[in-house]
Structure formats: C-alpha cells, structure tokens
Amino acid sequence: MPLIIRPLSVSEAEAEAAIPALAALLQEAVADGASVGFLPPLALDAAVAFWRGVCNGVVSGERTLLGAFEGADLVGTVQLVRSAMPNQAHRGDVSKMLVAARAQRRGLGAALLARVEDTARAAGLRLLVLDTVPGHAGERLYQRHGWQRAGEIPGYALDGAGGAFATIFFYKPL
Ligand SMILES: CC(C)(COP(=O)(O)OP(=O)(O)OC[C@H]1O[C@@H](n2cnc3c(N)ncnc32)[C@H](O)[C@@H]1OP(=O)(O)O)[C@@H](O)C(=O)NCCC(=O)NCCS
C-alpha cells in the first residue's frame, strides 16, 4: 500500500475525523514507554482532548499537523509548531513525531521528518528545534538526518514509574 503524507486541515473537518486514530497512536506510544508529554496509562478522554487542542492550533495557524496514511489507515503523524515570539518568527518546533508500532522500521519516521522539514522551509523558517529521549529510536532518527545535538538535560520528564527521563535538545538550520 503506498504511503501518503499530507497536512490535515481542520477546515476540511479532516483533522477532526482523524482524532480517534491520532488518539490511538498517542495512547500506544505512551503505553510503549515513549516520553511524549503524558504518563501511562493515558486515558482516551485525555488523548482526545490533547488532539482537539492541536486542531485548534491548526485552525489558528500556530501549527501544521501532518498525517501519514496507508490507504485509510493513519500510521504516523508529526507537527510543525511556529514560534509565537516576534524575535523567533524564523524558528519552529517539531513536535509529537509518532509512528504506529505496526508501521515502524520501514522508513516512515524518516519520511515524516523530511516532510516536516520541507514544510518549514516552504513557510520560510530557517531553524528547527526538537527534543527527545536519549537512547530511544528518535535520537538515532534525528542524528541520521543531520540534526545537531545541542545538549542533554537530566531528569527532564517523569517516566511514570518513580523515575525520570533525560531529554536531548536537537536543532537543524534549514
Ligand atoms: C521514533 C519513531 C518516530 C521512528 O519511526 P520509524 O518509522 O520506525 O522510523 P524509521 O523507520 O525511519 O527508522 C527507525 C529504524 O528503522 C530502520 N529502518 C528504516 N527503514 C527500514 C527498512 N526498510 N527495513 C528495516 N529497517 C529500517 C532505520 O534505520 C532505523 O533504525 P535504528 O532505529 O536502529 O537506527 C518511532 O519509533 C516512534 O513513533 N516511537 C514512539 C514515539 C517517539 O518516541 N517519538 C519520538 C519523540 S521525539
């Protein structure tokens, strides 16, 4: 099945329709131990509420939400969030890179990353920033694709088991 990556537009009600699949992706990642902002177990209501907030950000123009589809199946997502500050209008954050476990290790993460970088370039951005957990698949993905490691902060995010994850910040000039 060919993979199609495209922006989800709230005005077409497409992002709204994608919320259940996006919520399932997020729940799966959190249950698998990913550090993506939430602690396990992530309730469906909380996941849906998160994506509704994302949709609002798409409507306001604050962010672009990309979806990766195999046929009708949403198997991955990533967001480009523009900086709200006037002195960082050239900068964006890459956020919530998620690939369904059933679709991992086939280059989908790399394809989403390339597409979000192209989206940022097309919007005139010149610098991207993201953070991820050391030793997880994201760290290798970003290093492989030319992102620069800015540094690591220990104990940055709680892991839900009484400990905490470090976070590495990466940046990429475009
Ligand atoms: C991080 C994440 C997005 C990567 O997605 P992915 O689609 O598996 O990414 P890719 O397939 O491009 O690369 C992953 C691995 O598969 C390998 N790969 C890519 N294409 C492949 C193929 N055709 N056959 C076999 N392996 C392949 C890559 O070399 C890479 O190997 P490595 O991790 O050992 O270095 C995914 O693991 C994920 O969603 N994790 C949970 C959420 C998370 O942590 N997100 C990051 C937050 S910053």
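## The β2-β3 hairpin

In the hairpin formed by β2 and β3, two residues lie between the strands, and Gly71 adopts a positive phi near 60 degrees. This is a predicted model. Strand β2 covers residues 63-70 and pairs antiparallel with β3 over eight bridges. Glu70 faces Asp73 in β3.

Strand β3 spans residues 73-82. Seven of its ten residues are buried, so the strand is largely enclosed by the rest of the structure. On to β4, residues 91-99: six bridges join this strand to β3, and the two run antiparallel. Leu80 stands opposite Val94 in β4.

## The sheet

The seven strands form an open sheet with mixed pairing, in the order β1-β2-β3-β4-β5-β7-β6. At the edges are β1 (3-7) and β6 (148-158), each pairing on one side only. From one strand to the next, the twist averages 25 degrees.

The pairing of β4 with β5 (residues 127-132) is parallel and uses three bridges. Here Asp93 stands opposite Val129 in β5. Helix α4 packs on the sheet, where it touches β4, β5 and β7 (164-173). The direction of α4 makes about 155 degrees with that of β5. Another helix, α2 (residues 44-60), lies across β2 and β3. Helix α2 runs at about 115 degrees to β2.

## Overall fold

The chain holds four helices and seven strands. Read from the N terminus, the order is β-α-α-β-β-β-α-β-α-β-β. The radius of gyration is 15 Å, close to the 16 Å that the globule rule gives for 174 residues, so the chain is as compact as a globular protein of that length.

Along the principal axes, the C-alpha atoms fill a box of roughly 40 × 40 × 30 Å. Of the 174 residues, 29% count as buried. Among contacts with a separation of 6 or more, 56% link residues 24 or more positions apart.

## The ligand shell

There are 19 residues around the ligand, and Gln104, Gly109, Ala110, Gly138 and Arg140 come nearest. By type, the shell divides into ten nonpolar, six polar and three charged residues.

Three elements each supply at least two shell residues: β4, α3 (108-122) and α4 (137-144). Helix α4 gives the largest share, with four residues.

Most residues other than glycine have a negative phi, and most peptide bonds are trans. Two residues and one bond in this model deserve a look on that account.

Lys96 is not a glycine, yet has a positive phi of about 50 degrees. Lys96 sits in strand β4. With 22 other C-beta atoms within 10 Å, Lys96 is buried, because the threshold is 20 or more.

Arg105 is also a residue other than glycine with a positive phi, near 65 degrees. Arg105 belongs to the loop between β4 and α3. Its 9 C-beta neighbours inside 10 Å make Arg105 exposed, since the limit for that class is 12 or fewer.

The bond is the one that joins Pro40 and Pro41: it is cis, with omega about -5 degrees. Pro41 lies in the loop between α1 (14-31) and α2.

Technical notes
Residues numbered from 1 in each chain as written. Predicted model: local features only at pLDDT ≥ 70, side-chain atom pairs only at ≥ 80, totals over all residues. Rg over C-alpha atoms; globule rule 2.2 N^0.38 Å. Contact = placed C-beta atoms within 7 Å. Pairing = 2+ DSSP bridges. Near = placed C-beta within 6 Å. Nonpolar A, V, L, I, M, F, W, Y, C, P; charged D, E, K, R; others polar. Axes fitted to C-alpha atoms, helices over the stretch in contact; angles between N-to-C directions.
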